[in-house]
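Please open the structure in a viewer and keep the selection tool at hand.

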Amino acid sequence: MPDITSLDNHCDDMVGHNAILGHPLGVKPSGNALFARKNLRVTIGSFNLLPDELILILLEFLEGRSLLHIGQTCKAFYAFTRAEDLWKSLFIGSPPASFTWKGTWRSTYLNLPPLKTAILDCSTLYSDALHRPFYCAHISLGPYITNIPSRNEIARLPNLSPEEFQEKWFNTPFILTEPVKEWSAYKNWTVESLLSEYAETIFRAEAVDWPFKTYVEYMKNNSDESPLYLFDRAFVSKMGLKIGRPDEEPDATYWPPPCFGDDLFSVLGNDRPDRQWLIIGPERSGSSFHKDPNATSAWNAVVRGSKYWIMFPSSSKLPPPPGVYVSEDQSEVTSPLSIAEWLLGFHSEARRTPGCIEGICQEGEILHVPSGWWHLVVNIEPAIAITQNFIPRAHLSAALDFLGNKPDQVSGFRKDVHNPYERFVNNMREEHPDLLEQACEELKKKTEGKKRKWDEIIHGKTEQEGAGGSSEAGGFSFGFGDDGSDVEVP
Ligand SMILES: O=C(O)CCC(=O)C(=O)O
Ligand SMILES: [Fe+2]
């Protein structure tokens, strides 16, 4: 991470400001304008009528040369045009064929050595929109990851048997401290060791595909509020890895801990959705609140580094976690833009909210994310992890419900796999008819329960009357999406 204060003294106009945490030009939060005698914003003419956010949106329409020109008109516009998101979008919109990461998106896009970047004194410009990203990029994670109330703590166990998982733990987050320590990935992988073997291998990091050596440059030297996160679903083939229990596959890099049991998505063979990802990122990178795809459960194994997790159960009766807003059909999740912003604004409320579970998954440990649980994850130090999603027996009904009733939200299948729900049900009927029947029963009960409640509310029916009426009126069925059945809708 560049030391932004060390960039002083390279421009005549630089004043030795002791910037409020973060902003390289000394821009201060908006509140400071209240008692300020001078405000740089008056120099932007009619634009002064517009809120900062709108000015930034307008600047998004400009290409690099115009941004540079408008930045030369006055200090305030210079500060606006230094917003890193503008340059990140330009870079991602038209990535140069070859480039060297230079510590910021602006310097990288313009191919400028960082020390050639002017540091004008903008300490009389007051803007939350400009100050916030730099502030968020430097907050200390300490207060959020310490003093976890004991009632919130994620259970920690050495290991579990498949029976214990299936009977008692399938719907509870937990951390296992033993299994990953056996993996060759745990014994051998570091950023440096991967670099020596895979420097030129292209990995996906959100919207970019970069050689690993470029990502490592970025990882070691960036000040992004939300650092790019390497999240690659094809790493096994790209790296030529072998996966499997060591007795069957002596060269295996890792293997899923046996306690999680069979993954029922494997009945789909090669038509199954994406299931495994290599995850690498610097301190402060991570995943903002989400539930995992297709109502799957997951495990997440920390090979290097450590991760802070905060999790909430979900159900139609529970609200989403504080600061997270979900559209009626749950297809869209809106939460503050960055993890740091969520921590600043909502962490203390979240910690007090019933159901909240928190913990740190240390190097060599693996965490279980049950189907449907909300989670936010932040890397406390540079981290390498492997995650795998699966359908355990105990959550088959949740997966069927999701695939059957939320087809527009189903994700991760190849484009040529049509009607994954139908395929999954057919293959389950072939390979595990008993499990399918059991899950079908569970869903029927759930639907009838909901229908009963609905009838009581709407028609004032008694429990018995409602129950009788509901199955006739078409409770859950394994029709293929044309009967309008939806366990969420009465
Ligand atoms: O390691 C992380 O950032 C968490 C990843 C995660 O939540 C996921 O893969 O669904
Ligand atoms: Fe996740």
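Predicted model: local features only at pLDDT ≥ 70, side-chain atom pairs only at ≥ 80, totals over all residues.

Residues are numbered from 1 along each chain as its sequence is written, while chains are lettered from A and ligands numbered from 1 in the order in which they are written.

**The ligand.** Select ligand 1 and then the residues around it, including W277, D292, K307 and H375. The strands β6 (276-281), β7 (286-290), β8 (297-304), β14 (374-379) and β15 (383-390) each supply at least two residues of this shell (strands are DSSP E runs of at least two residues, helices H or I runs of at least four, numbered from the N terminus).

**The helix.** Next, select α13, residues 339-352. At F346, α13 bends by about 65 degrees, the angle between axes fitted to the seven residues ending there and the seven starting there. Among its buried residues are W342, F346 and A350 (buried: 20 or more other C-beta atoms, placed from the backbone, within 10 Å of the residue's own).

**The cores.** Now select Y215, A301, V303, A385 and A399, which touch the most other members of the largest nonpolar core, a set of 86 residues. Apart from this core lies another, of 21 residues, among them I55 and F80. A nonpolar core is a set of buried Ala, Val, Leu, Ile, Met, Phe, Trp, Tyr and Cys residues joined through C-beta atoms within 7 Å.

Technical notes:
Near = placed C-beta within 6 Å. Expected span 1.5 Å × (residues − 1). Buried ≥ 20, exposed ≤ 12 C-beta atoms within 10 Å, placed from the backbone.
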